[in-house]
Amino acid sequence: MTRPVRAHIDLSALTFNLSQARRAAPDSRVMAVVKADGYGHGMLAVATALQDADAFAVASLDEGLQLRNAGIEKPVLLLEGVFSATELTAVMQHHFELVVHQALQLEWLETLDVSARLSVWLKVDTGMNRLGFAPGDALAAWDRLEAMPQVETLQWMSHFACADEPEHTANDHQESTFRQLCMQREAPRSLANSAALLTRPSSHVEWVRPGIMLYGASPMAAGHACPVELRPVMTLGSELIAVHHCRKGDAVGYGQAWVCPEDMPVGVVAAGYGDGYPRHAPSGTPVLVNGEVAELIGRVSMDMLCVDLRTQPQARAGDPVVLWGEGLPVESVAGAAGTISYALLCGVTPRVPRRTDGVSD
Ligand SMILES: Cc1ncc(COP(=O)(O)O)c(C=O)c1O
């Protein structure tokens, strides 16, 4: 018997979610965002399963190389471009597509041999103030790229800051800034992340870039319903490893932070912050025990957490527990813990065995 915490990865849910993306944006090509180890799901398994995607997006050359080394030949975009001119050799060798978001990257491209043939996405900062050329500088950057023999294809990209809040005025502003700019140099464009893909058809244009929705978590901010069905790809599961019968006034866990209001059963689950469960999840955070909602009580430890079993006095050591996933949306756990589903999914630690459709990695 090994420690029972596991991340189950359901690839059929992944392909279902991709089909939901396609249905919502039927006229756009889909660039599946698989960075950060496929949002914690295992990038290679994810990319291999997403055969219907038109391209993949990653955060770094290293991630791109992992895809190529696994035999994935589809277009792969490096979302932050290169971090130094030296990376360009591998970019050309492996036919990666590149974001160019700042002037230094233009200089690096200009140093390349003129026989180079790069696919470049010019990133415009339409209001997020993170990556990209300011709209006032973007046309000059475009023209400079267009003049380079090293650049074979050139496309437009920007990124929404508030797409998870569809009513936010920044969305209209960003989209119209982007559209006006792109009208001045006709080329394929990409703007929508998952939230925009599901709620802003006007933003779909030629390419959509879904990430989180593919993994089955709602891309919407708290209080906004997800407009389509998505299926959770990761289920973080474990088991009860002990059940105690505590007395009224007994305190549970580190700091004795939770005190039993009555005589009651308390379950101990083999999962903690050492597995990526959020340390700051407060008492009351939902946990599924035997498929029923129970509440986390006391502080989360490195390897364990405790649950209130008053609603399940019959629960025993060995009973199944779901921390998030099937039956318990990761966003509800994230909401209770004051974080986001992205952080929970990416944060599952390497010691948690991953079972991808029954196969261990
Ligand atoms: C540039 C870019 N495009 C698309 C995405 C996908 O976003 P989401 O996971 O919200 O769909 C990300 C995610 O961080 C991103 O950085």
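This is a predicted model: local features need pLDDT of at least 70, side-chain atom pairs count only at pLDDT 80 or more; totals for chains, interfaces and linings use all residues.
Mentor: The structure holds 1 cavity of 30 Å³ or more.

Trainee: What makes a space a cavity rather than a pocket?

Mentor: A 1.4 Å probe fits in a cavity but cannot get out, whereas a pocket is an open set. The largest cavity has a volume of about 40 Å³. That value is set against the cut-off of 30 Å³ or more, and 1 cavity passes.

Trainee: Which residues line the largest cavity?

Mentor: The lining runs through Lys123, Val124, Asp125, Thr126, Met128, Arg130 and Leu131, plus Ser158 and His159. By class, that gives 3 nonpolar, 3 polar and 3 charged residues.

Trainee: Where does the ligand sit?

Mentor: In the largest pocket.

Trainee: How big is the largest pocket, and which residues lie nearest its centre?

Mentor: Its volume is about 810 Å³. The lining has 36 residues, with Tyr39, His159, Asn193, Ile212 and Tyr342 nearest the centre. Helix H2 (35–40), helix H9 (194–199), helix H10 (330–337) and helix H11 (341–346) each give two or more residues to this lining. By class, the pocket lining splits into 21 nonpolar, 8 polar and 7 charged residues.

Trainee: Which residues come nearest the ligand?

Mentor: Lys35, Tyr39, Ser194, Ile212 and Tyr342, out of 14 around it. A residue counts as near if one of its heavy atoms lies within 4 Å, so these 14 pass that cut-off. The shell has 6 nonpolar, 4 polar and 4 charged residues.

Trainee: What makes isoleucine 212 and arginine 209 qualify?

Mentor: For isoleucine 212, a backbone N or O atom lies 2.8 Å from an oxygen atom of the ligand. For arginine 209, a side-chain N or O atom is 2.9 Å from a nitrogen atom of the ligand.

Trainee: How much of the ligand does the protein bury?

Mentor: Taken alone, the ligand exposes 400 Å², and the protein buries 90% of that.

Definitions and conventions. Residues are numbered from 1 along each chain as its sequence is written. Side-chain values use heavy atoms; hydrogens and water are left out. A polar contact is a pair of N or O atoms within 3.5 Å; within protein, one must be able to donate a hydrogen and the other to accept it, and residues adjacent in sequence count only if both atoms are side-chain atoms. Accessible areas come from the Shrake-Rupley method with a 1.4 Å probe; for residues, only the protein chains shown count as cover. On a 1 Å grid over the protein atoms alone, a cavity is a set of points where a 1.4 Å probe fits but cannot get out, and a pocket is an open set with protein on both sides within 12 Å along at least five of seven lines; lining residues have an atom within 4 Å of a point. A molecule sits in a cavity or pocket if more than half of its atoms lie within 2 Å of its grid points. Ala, Val, Leu, Ile, Met, Phe, Trp, Tyr, Cys and Pro count as nonpolar, Asp, Glu, Lys and Arg as charged, and the others, Gly among them, as polar. Grid points are joined across faces, edges and corners, and a volume is the space filled by probe spheres set on the points. Helices (H or I, at least four residues) and strands (E, at least two) are DSSP runs, numbered from the N terminus.
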